[in-house]
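Here is a walk through one protein model, taken a piece at a time. Keep the sequence and the 3D view side by side as you read.

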Amino acid sequence: MAKKFSHLLQALPSDTLLRSTGDAIISAPVEEDHRRLQPGGLFVARRGQVADGHDYIPQAIAAGAAALALEREVDTRGLPFAMLRDAAEATGYLAAAWHDWPARKLCVIGISGTNGKTTTATLLHSILQRASDGRAGLISTVAADLGSSRTDTGLHVTTPGAPLVQALLAQMVANGLTHAVLEMTSHGLAQGRLNGVVLAAAVLTNVTHEHLDFHGSFASYRAAKMRMFGLLPPGQGVALLNADDDQTASLMEGLKCRALTFGIRAEADLQAESLEHRPGGTRFTAAGRAAARSLDVTTRLAGDFNVSNCLAAAAAAMQITGVSDAHIVEGIAEVGSIPGRMERVVAGQDFTALVDFAHTPDALEKALQVGRALLAPGSRLIVVFGCAGLRDQEKRRLMPAIAARLADISIFTAEDPRSESLDAILATMAQACSSAGGEEGKSFLREPDRARALLRACQLARPGDLVMACGKGHEQSMCFGETEYPWDERHALRAALGGVALTTLPTASP
């Protein structure tokens with residue numbers, strides 16, 4: 001595959017390209033990481049949060065770059081180049097053009113939201129697998145299904161960089177897939193990583209407090225989420241929003257596309273009726289203007305928030321040609337568990353142990369509410385969680401206050417402290433819990449080492465209690481400083497149930 005540099009530049013929005021010099025044959029993919037650049041590729045230099053791609057132009061030239069895309073003047077050593085207003089915004093379009101716009105050859109559904117993205121994406125993928133005879137792809141936090149292969153990802157970053165997004169979509173096309181489900185983070189949307197993707201439908205599960213460290217304000221966070229709807233072609237596609245989310249009414253005012261809602265409590269185009277929460281899952285009827293007829297839905301997933309996720313997946317599926325009621329009902333019923341989402345860990349103990357990815361105030365509150373609903377009278381809810389370093393600091397006050405209200409015992413511990421002081425993070429959390437009525441040593445504890453925190457929770461648990469490990473879910477590492485240390489919450493909790501604290505983290509006792 002080869003394209004003229006000038007041809008790729010034609011894919012850019014008119015206000016993105018400032019000027020260009022020379023032309024070249026681009027015979028390898030567009031890259032923004034000089035280490036991935038192949039001879040004949042186009043290197044896009046952009047200013048990042050940590051590094052400036054312009055500093056690596058000599059390495060890119062040495063690696064065989066055929067042309068360069070820049071944001072500022074540098075020595076290009078005679079190579080053809082384009083000067084861009086915003087390289088991050090341009091990269092997706094350039095990569096999509098080089099791969100012949102793969103999203104245009106697929107029916108792509110985007111899913112964003114503070115919470116519920118992965119579960120909704122997994123449910124929708126299950127539905128579309130049935131509707132497409134197994135030709136549906138998926139890129140989510142926990143898995144990538146390209147048709148020829150399926151891999152667990154365990155990504156800290158849900159949305160890959162723009163070149164990889166386009167390469168994965170192109171691989172799906174090459175593998176004969178017809179549909180694709182993509183999780184879309186606010187970071188990925190704000191940074192233009194999804195530019196060049198064309199959506200048939202866009203699902204917004206909810207918008208609650210998260211990532212204000214990156215976006216700066218809740219308004220900017222909302223605006224980033226809204227960028228997903230801009231990936232719908234003008235006058236085509238449909239937006240699906242959660243009627244139970246208090247942000248939805250104002251978000252819908254800014255939409256320029258057809259919109260439908262789903263919900264449990266608020267009036268919606270697809271609504272859950274006759275909910276029945278049972279030990280083995282949930283049953284409900286999905287009905288409303290969005291459905292040709294009411295559907296009797298059974299899911300093995302617990303909690304109202306998972307009913308909402310099922311509705312979101314069903315509402316989106318109803319907008320896709322070739323998806324039947326049976327595909328929706330069977331696809332939802334097939335999903336038994338999502339890695340790291342209310343996932344049970346069983347090691348012969350006489351109490352329940354769950355791992356959940358809840359790492360935002362809203363997600364933690366909903367997870368603990370489900371936990372309380374699972375308890376028999378007199379049993380206790382014990383939760384283990386932390387708050388990440390170099391991230392939204394307001395969560396360090398909000399989440400302990402939620403735990404003080406809904407959990408019987410909370411254990412505050414490490415969760416990707418990065419370069420911040422873990423002791424300082426835990427002190428802030430402890431103060432917030434105390435202010436909300438918690439009492440240290442009785443209703444909450446501090447344990448910096450996460451493995452020992454899990455062990456302590458299991459040691460405190462009595463028959464019939466519930467231990468919940470929240471925040472890490474499916475992830476496969478934990479960051480201290482700039483180092484990612486191996487960490488699997490499910491493995492660590494299973495060890496704790498056996499009376500052992502893993503020693504893989506730097507906080508472990510010598």
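In helix 14, the buried residues are Leu422, Ile425, Leu426, Met429, Ala430, Ala432 and Cys433. Seen down the helix axis, these buried residues fall within an arc of 165°, so they line one face of helix 14. Asp423, Gln431 and Ser435 are on the other side of the helix, and they are exposed. Bear in mind that this is a predicted model.

Helix 14 runs over residues 422-435, 14 residues in total. From first C-alpha to last it reaches 20 Å. That is close to the 20 Å expected at 1.5 Å a residue. Gly437 follows helix 14, and its phi is positive, near 105°.

What covers the buried residues of this helix? The cover includes strand 21 (381-385) and helix 13 (395-406). It also includes strand 22 (409-412) and strand 23 (444-446).

**The nonpolar cores**

Turn next to the largest nonpolar core, which has 58 residues. Which of its members touch the most other members? They are Leu364, Leu368, Val383, Phe385, Leu454 and Met468. Take Val383 and set aside its neighbours within four places in sequence. Val383 is then in contact with Leu364, Leu368, Ala403, Ala407 and Ile409, among others. Its contacts also include Ser410, Ile411, Met468 and Cys470. Another core lies apart from the largest one. This other core has 42 residues, among them Leu123, Leu138, Ile264 and Ile328.

**An enclosed helix**

Helix 4 covers residues 117-131 and has 15 residues. Its reach from first C-alpha to last is 21 Å, close to the 21 Å expected at 1.5 Å a residue. Twelve of the 15 residues are buried, so helix 4 is largely enclosed by the rest of the structure. The buried residues include Lys117, Thr118, Thr119, Thr120, Ala121 and Thr122. Leu123, Leu124, His125, Ser126, Ile127 and Leu128 are buried in helix 4 too. After the helix comes Asp133, whose phi is positive, near 60°.

**Cysteines without partners**

How many disulfides does the structure hold? The count is zero. Two cysteines show why. The closest cysteine sulfur to that of Cys310 is in Cys470, and the distance of 20 Å is too far for a bond. Cys310 is buried, at 1% relative accessibility. For Cys387, the closest cysteine sulfur is in Cys433, 11 Å away, which is again too far for a bond. Cys387 also counts as buried, with a relative accessible area of 4%. Its closest cysteine, Cys433, is one of the buried residues of helix 14.

**Salt bridges**

Charged side chains pair up as well. The whole structure has 30 salt bridges. One of them joins Arg46 and Glu32, at 2.8 Å from N to O. Arg46 lies in the loop between strand 5 (42-44) and helix 2 (57-62), while Glu32 lies in the loop between strand 4 (30-31) and strand 5, so the pair ties together parts that are 14 residues apart in sequence. Arg46 is partly exposed, at 26% relative accessibility. Glu32 is partly exposed too, at 23%.

Another salt bridge joins Glu343 and Arg490, at 3.4 Å from N to O. This pair links distant parts of the chain, 147 residues apart. Glu343 is in strand 19 (residues 343-344), and Arg490 is in helix 16 (residues 489-497). Is Arg490 buried or exposed? At 15% relative accessibility, Arg490 counts as buried.

Glu394 pairs with Arg397 in a salt bridge, with the closest N and O atoms 3.1 Å apart. Glu394 is partly exposed, with a relative accessible area of 30%. Arg397 is partly exposed as well, at 40%. Elsewhere, a network of salt bridges links Asp52, Asp55 and Arg72.

**Across the model**

Where is Gly288 found? Look in the loop between strand 17 (281-287) and strand 18 (295-299). Gly288 is partly exposed, with a relative accessible area of 35%. Now find Ala453, which is 165 residues from Gly288 along the chain. The C-alpha atoms of Gly288 and Ala453 are separated by 46 Å.

Key
Residues are numbered from 1 along each chain as its sequence is written. This is a predicted model: local features need pLDDT of at least 70, side-chain atom pairs count only at pLDDT 80 or more; totals for chains, interfaces and linings use all residues. Side-chain values use heavy atoms; hydrogens and water are left out. A disulfide is a pair of cysteine sulfur atoms within 2.5 Å. Buried means under 20% relative accessible area, exposed over 50%, partly exposed in between (1.4 Å probe, protein chains only). Helices (H or I, at least four residues) and strands (E, at least two) are DSSP runs, numbered from the N terminus. The expected span of a helix is 1.5 Å times one less than its number of residues. The arc is that of the directions from the helix axis to the C-beta atoms. Contact means heavy atoms within 4.5 Å. A nonpolar core is a set of buried Ala, Val, Leu, Ile, Met, Phe, Trp, Tyr and Cys residues joined through side-chain atoms within 4.5 Å. A salt bridge is a side-chain nitrogen of Lys or Arg within 4 Å of a carboxyl oxygen of Asp or Glu.
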